[in-house]
Amino acid sequence: MPAPQQTIRRSLLVLSAALSSLALTAPLALAAPSPTPTPSSSAGSSAGPSASPTATPPANMSSVGGARLAQAGTQVDLASGVPVVPKDLTARSWIVSDAESGAVLAAHNAHWRLPPASTLKMLFADTVLPKFPKTTEHKVVASDLAGMGTGSSVVPIKEGESYTVRDLWLGVFLRSGNDAVHVLSHMNGGVDRTVADMNAHAQDLQALDTRVVTPDGYDEPGQVSSAYDLTLIARSGLQKKDFREYCSTVSVKFPGETTKVKGKSVRGTFEIRNTNRLLSGDSDVSVYPGIAGVKNGNTTNAGATFTGVAERGGKVLLVTVMNPEKDEHNEVYKEAAKILDWGFQAAGKVQPVGELVAPKNAAQASAQPGATASGEAGGDTAGTKPAASSTPVAAEEDGSGGVGIALAIVGGLLVLLAGGVFLVNRRWPLPDLVRRRPRP
C-alpha cells in the first residue's frame, strides 16, 4: 500500500477508535480512587522485613482510558482468531498496549494503585531530564548523597568526583542508582522540589493513580502508581531522544575514582550493565527480540516491577508488569515476555479494551514554537514533522566491549497526523523509536 494511503487509513482507524472511547471515559474527577492501603516499609532495593500489600484489588478503580480498565480481573476481547491470553500469569497487575495508536490490547487490574519501585525513575527522568544538557559537569558534595534509604541501589557515585549529566543518567537507567537520582535531584533544587515537579508532571500526563513521595522509587507510605500510569509515563519518556538512548543502553564504561599514578591524577573506569534482563539477558532469560528499554524495579513492598517497549514486524508494543506472585528468579521478565509474545500475535486482530490517553497539554505543547521534545540540548522542536526515511541510522557502539545499541531513526513510522488532530483522536503518537541492532 502506498505510504500516503497507509497514513490516511491508519489515521481514520485511530479516529474511529478514539470517538468510540469517548463514551467510555468517565470524568477525571472520579477517576482516581484512594490507593490500596499498603504497610509502610523502610526497605529499598534490598529485601527487609515488611508486610505485603493486600492481594485484593479495590472494587472501584480509575476509568481513565476507558470503563473496561476500571474493572478488576483480566480485560480482553477474545474474538475469532485472537490467541488466548497466557494462563500462567501471576502478576497482580499488567497491561499491554500499542505504543503507536495507544490502543490497550489487554489488561489485568490496570489501575490498581501499587508501590512502583524503581519503575518510578521513568517519571523522574521524564520530568528532570530536559532541564540539563548532557555535557554539563557536576562535582558531587556530601549533601548531594544525603537522605538515601537504607539498602538503596547505587552506581556508586563518589563524593568529590565530577560527573557529566549523561554519566548520571546512565547510572539511573543501567544500575537504578538512587545515588545518581539524588545528585540530579539536588541539581534540580532539592528532593522536595523534584518530588513536587514529578507529581505535577504525573497530573499533566493524566497518570492520576500516581503519587510520588521519593524521586527514586524507594518504598515509602503512600507512594503508588499503576500499570496503566507507568505505561503512560514510559510513552512520554520515549518521546525524548536522550531517554531512548539511556533506557536502551546495555553496558558502558562509567567514571570511577581519581587516583595518583606516578604523580599524575588518573580517573579510573568500571563497567556498569543494564539490570533490565530482557535487554541484557541472564542465565534463565534471553534477550527479547526487538527490545528497546525501558525500566525495571524491585523493592520489598513493590515486589518486582517492569515496563518494556519492543518492536516486531512494524508493531511497537508497551508492556508493564507489577508484582508477580510466582516466586521464581526473573519471573517479572518471563511474564512480560509472554505478554509481549501474545500482544504481537494479537495485534491487528483483537479489539482494544481501552486507550492510552494523551497528556493534558499535548495539543498546546505541539503548537508552541521552540518547545523541546527531544530531552537533549538543541533537540528537535516539538511539532516539527521528522523527515521521512526508511533507513535505520545506527549509533556508535560504546567502548565497553559489550553489545552495541543502535538508534534506528525511522521517520514517519510513529507519526499519525500533525496539528489539531490531537484534539479529536486523543492519541499521542511516538516519534522515532529506539531499535536494536540484530545480533550477529
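Is V357 buried or exposed, and what is its relative accessible area?

A: V357 is buried, with a relative accessible area of 4%. Buried here means under 20% relative accessible area, exposed is over 50%, and partly exposed is in between (1.4 Å probe, protein chains only). Before going on, keep in mind that this is a predicted model: local features need pLDDT of at least 70, side-chain atom pairs count only at pLDDT 80 or more, and totals for chains, interfaces and linings use all residues. Residues are numbered from 1 along each chain as its sequence is written, and side-chain values use heavy atoms, with hydrogens and water left out.

V357 sits in the loop between strand 11 (354-355) and helix 10 (362-367); helices (H or I, at least four residues) and strands (E, at least two) are DSSP runs, numbered from the N terminus.

L278, in helix 8 (residues 277-280), is another buried residue, with a relative accessible area of 1%. Contact means heavy atoms within 4.5 Å, and, leaving aside neighbours within four places in sequence, L278 has V285, S286, V287, Y288, I291, F306, Y333, A336 and A337 as its contacts. The C-alpha atoms of L278 and K334, 56 residues apart along the chain, are separated by 8.6 Å.

Strand 8 gives the most to the lining, with four residues. By type, the lining divides into four nonpolar, twelve polar and eight charged residues.

G297 and N298 also touch S118, as do S176, D216, K295 and N296, not counting residues up to four places away in sequence. S118 is in the loop between strand 3 (103-108) and helix 2 (121-128), and is buried at 5% relative accessible area. Its side chain makes a polar contact of 3.0 Å with that of S176; such a contact is a pair of N or O atoms within 3.5 Å, where, within protein, one must be able to donate a hydrogen and the other to accept it, and residues adjacent in sequence count only if both atoms are side-chain atoms.

Now the interior. A nonpolar core is a set of buried Ala, Val, Leu, Ile, Met, Phe, Trp, Tyr and Cys residues joined through side-chain atoms within 4.5 Å. In the largest one, of 64 residues, I157, W169, F173, Y228 and F243 touch the most other members. Helix 3 (residues 165-175) provides the largest share, seven residues. Apart from this core lies another, of 32 residues, among them V76, I291, V319 and V350. Helix 6 (residues 227-237) is largely enclosed by the rest of the structure, because eleven of its eleven residues are buried, including Y228.

Conventions:
Nonpolar A, V, L, I, M, F, W, Y, C, P; charged D, E, K, R; others polar.
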